[in-house]
Structure formats: structure tokens, C-alpha cells
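Open the model in your viewer and keep the selection panel at hand. Each stop below tells you what to pick and what is there.

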Amino acid sequence: MNNGPTLKVHILDEIFMQRCIQIAKNGLGTTAPNPMVGAVIVHEKVIIGEGYTSPYGGNHAEVNAINSVIDKTLLPKATLYVTLEPCSHFGKTPPCVDLIIKHGINRVVIGVKDPHDKVAGKGIEQLKNFGCEVVVGVLEQACAEHHKRFLTYHTKKRPYIILKWAETNDGFIAPTKEMRHKNPEPYWITGTLSRQLVHKWRNEEQAILVGTQTVIDDNPKLDVRQWTGKSPIRIVLDSNLKIPASAHVLNGAHRTIVMTSVTDKSLYQQHVEYHVLDPKTDTTEGICSALYELNIQSLIIEGGAKTLQSFIDANKWDEVRIFKGSTNFEKGIAAPRIKGTLVTTTQLREDSLTLLKND
């Protein structure tokens, strides 16, 4: 094994790591709670194998990459590139480090260390003990951004939280009750393209959350219909169990968890999970703690205004996606107030989409 003292980062290392990130995105929405890792195997500047994390319960990226190599006699002279430190513990599958060592791969280039307490540098240590040349931190910032859900979950002990809402051109997120009474038809703020994009986002995250009033007013399904893929776990805030049994979110079509303060189980609906929040604890803190215990690593919050603002005020959010439509309500429920770092603003036909990150 090559045990040389100089661990250089070459321009080719960055090129191949970029490829790792590119293919890793194929796992978005299917690998959680496992991270969506990308792996590339290179021999004499030529990619001879690559892979990304299979849907949860399946192979990790390193396994798929090694299995894709036709001539495995090249592996001892090859370099393995991987976005995240290889695992060193048994889970649903055996440790990836053991497979890397078994095939004698003598150089491993890693994007970012794994903060999971079962790994946390142990994979790197095992590879070095075997005699591997290990390079850590290639495109580290890009890899950390790619693994933002996984890293946030393990470092902050809560899901990666995305806030999303649509507001009218004059700054309202929903009509007044009087407006709804006069015209019970849906009040669409955005166009069809924006609504389709929202369904794509739902497919990418583990869970979706709304408050009591949003369910009562809009009766949303909170599923994926205008995109191909799985629907997220539905998280509903209903402290006093005011939501009617006929609501779509209680229909058992998809996994649903109701966060409540009611302990009387005779009031619970079938096919629905209930989690009792401590009324003495801040609601947002209680939700984040509960979702951490439930191994939910990413959450998109779609409303309503009160629920969104509570997470903003508690500073428990990571990014926000705001649609602005061309319509005007003239009166209604004001959109949440938020400050963040502007990432981008995009035009989607008649709508604009602004992305902010938490400072």
C-alpha cells in the first residue's frame, strides 16, 4: 500500500469529486435516512466504476461503484472518490470500509467527514491503519452543501428545515375568512408550473408539515400528484385535535403524524400516529426533538402563516423558498416576515421564486 507522507489535492481530484456530487443527486428523495452519497473509481485518469446510494435498505454508493467495475484487478491501483466518509459500522448493510480494504484500493479521496457518532472519523482511521493514502476535504464546501440534510440532522439534532410559501403581489399568503365565505373556490396565488415544482420538492424531502388552520381552511392532501415519486410523511400540528376526521391528512393514504397536547387516545384516529408534545416546552423545539427521535432528517413546512412565523422567530430554519404571484388580494393574511441571505431569484412564467438561506 502507498503510505507516502504527501497527500496532495490535484485538479483531477476536484473534477472527479464534482462527478461524485453529480451522480449522488440521483438518490435525492429515496435514500433517507441514509445520506445520498456519490462514489467514483478512477484508474490512470479513467473512470472505471461509479455508483450512488441505493434507496434506503440497499447498497451504499461505494458498494455500487465497486460492483460496477468490470476488471477488479485494477482496484489496487485505483483511487476511490466519495462525497462522504465511508461508513465503518454495521447497519442495514456491512461497513463500506471493509469492502474497500478487501479490494485493496490504496487511495481514497473524501469530500467531507461523517459526523454520525458511529462513524465520525473511524472510517478514515481504519483506512489509514490499513495503509491507504487518504485525502479529506476535496470540494468540502460543495460536498457539505450536497449533504446538508444529513449533516444538519447529526450536528444540530434536528431535521434540515425548508420553509415554503406563496404570497400575492401585494404581500398576502391567504385570503380572509370573509373572502373564503363569499367565494369557497381555491384562491390560487401561483401558476401551474410553480405548483408542479412544489410537488417535486415534496418528493425530495422526508416530511412535510402544516398547522391546524391550514388543514381546516384548505383541506390539503400534502402528497405528490404532479410529479413522479413517493409522498412525504405528513406532519400535522393539532394541539387540541380540532381537525375533522374527514380531512384528507387523516385518511391513512400516507404515513401521518399528528403533534398534539391531547393524551386521551380514545380521541385518536385509526391509521394515524400521534406524538404528544410537552405543553411546557417551546412548540418548535418539541417538534424538532420529536422529528429527530423519529429519524426524520428533512422537513418542508408549507404553512400557515402562524406556523411559518413561529419557526422563523425561533430561528429554526435553514432555507426558505418564496413564490410571489401576480395576483392581488387587497386584504388577507400577511405573509411571514423573514431575513436571510439571498441565494437566487428566478422567474417561473408569471411567478417569481426567491431562495434565501439562514445566516
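Start with a term: buried means under 20% relative accessible area, exposed means over 50%, and partly exposed lies in between (1.4 Å probe, protein chains only). Helices (H or I, at least four residues) and strands (E, at least two) are DSSP runs, numbered from the N terminus. This is a predicted model, where local features need pLDDT of at least 70 and side-chain atom pairs count only at pLDDT 80 or more, while totals for chains, interfaces and linings use all residues. Residues are numbered from 1 along each chain as its sequence is written, and side-chain values use heavy atoms, with hydrogens and water left out.

**Stop 1: helix 2**

Select residues 61–68. This is helix 2, where A61, E62, V63, A65 and I66 are buried.

**Stop 2: a core around I41**

A nonpolar core is a set of buried Ala, Val, Leu, Ile, Met, Phe, Trp, Tyr and Cys residues joined through side-chain atoms within 4.5 Å. The largest one has 40 residues, and I41 and V108 touch the most other members. Helix 1 supplies the largest share of this core, 5 residues. Next, pick I41. Contact means heavy atoms within 4.5 Å. Beyond its neighbours within four places in sequence, I41 has contacts including A65, I66, V69 and L80.

**Stop 3: R107 and D13**

A salt bridge is a side-chain nitrogen of Lys or Arg within 4 Å of a carboxyl oxygen of Asp or Glu. The whole structure holds 17 of them. Select R107 and D13, whose side chains form one (2.9 Å, N to O). R107 sits in strand 4 (residues 107–112) and D13 in helix 1 (residues 11–24), 94 residues apart. Both R107 and D13 are buried.

**Stop 4: E319 and K148**

Here the closest N and O atoms of the E319–K148 salt bridge are 3.0 Å apart. E319 belongs to strand 13 (residues 319–324) and K148 to helix 6 (residues 148–156), so the pair ties together parts 171 residues apart in sequence. E319 is buried at 6% relative accessible area; K148 is buried at 15%.

**Stop 5: K200 and E204**

Which part of this pair is partly exposed? K200 is, with a relative accessible area of 26%. E204 counts as buried, at 12%. The closest N and O atoms of their salt bridge are 2.5 Å apart.
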